Amino acid sequence: MSEIQTADAADEMTGGEEHSGWPMDGGSVESPCFCTHKRGGNWCAVLAGPNAARMTRTYLPQRGRIVDLTTVKANDVIEFGGDYTTGSGRRVPDREYWHIIKIDFDVDVIFFDEYPTPAKALRAAREALRAASAVAIAGMATPLPDDGEEAIV
């Protein structure tokens, strides 16, 4: 299924809401979550799995604030993280979860919906995939013959 079909199905699912756009530079972006402190931990990962309790992370290449998104495709869920750990060991999280609607490397723009939790982002990706599959299956259906025509088997 192409990225455009997935994006069209996602538009239908959300009622055609306006999606956020983020400029890229050669397939890379500046991370929206970044901790500059020496006890800071920064990452960007593609999330996958049936739900947030059993999700897996595939980490993307990152150098400083710049994250390489050339392996990302439509309907992926991305997690940006820039956590700070205090001197006593308490973690202060700073994370963003994006459901990728469309990624266009020709114009260097990525379109996404942002979610507050990984569970909601993964759910949106599953629902968009179901909607895209339903559109594809509906497009493959053959119409029933009229009363005077014979069915082709």
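Select Phe112 to begin, a residue placed in strand β10 (residues 109-115), where strands are DSSP runs of E with at least two residues, numbered from the N terminus. Phe112 counts as buried because its relative accessible area is 3%, buried meaning under 20% relative accessible area with a 1.4 Å probe and protein chains only. The model is a predicted one, in which local features need pLDDT of at least 70 and side-chain atom pairs count only at pLDDT 80 or more, while totals for chains, interfaces and linings use all residues. Residues are numbered from 1 along each chain as its sequence is written, and side-chain values use heavy atoms, with hydrogens and water left out.

Stay on Phe112 and display its contacts (heavy atoms within 4.5 Å): not counting residues up to four places away in sequence, Phe112 touches His19, Ser20, Gly21, Trp22, Trp98, His99, Ile100 and Ile101. Select Asp76 as well, 36 residues from Phe112 along the chain, and the two C-alpha atoms are found 9.6 Å apart.

Rings of Phe, Tyr and Trp (its six-membered ring) pair if their centres lie within 6.5 Å, planes under 30 degrees apart counting as stacked, over 60 as edge-to-face and the rest as tilted. By this rule there are 4 aromatic pairs. For Phe80 and Trp98 the ring centres are 4.7 Å apart and the planes stand at 65 degrees, so this pair is edge-to-face. Because Phe80 lies in strand β7 and Trp98 in strand β9, the pair ties together parts that are 18 residues apart in sequence; both residues are buried.

Of its 16 residues, Leu69, Val72, Phe80 and Ile100 touch the most other members. Strands β3 (40-48), β7 (77-85), β9 (95-104) and β10 each supply at least two residues of this core, the largest share, 3 residues, coming from β9.

Finish at Ser28, in strand β2 (residues 28-30), which counts as buried at 16% relative accessibility. Its side chain reaches the backbone oxygen of Asp25 at 2.8 Å.

Definitions and conventions
Helices (H or I, at least four residues) and strands (E, at least two) are DSSP runs, numbered from the N terminus. Buried means under 20% relative accessible area, exposed over 50%, partly exposed in between (1.4 Å probe, protein chains only). A polar contact is a pair of N or O atoms within 3.5 Å; within protein, one must be able to donate a hydrogen and the other to accept it, and residues adjacent in sequence count only if both atoms are side-chain atoms. A nonpolar core is a set of buried Ala, Val, Leu, Ile, Met, Phe, Trp, Tyr and Cys residues joined through side-chain atoms within 4.5 Å.
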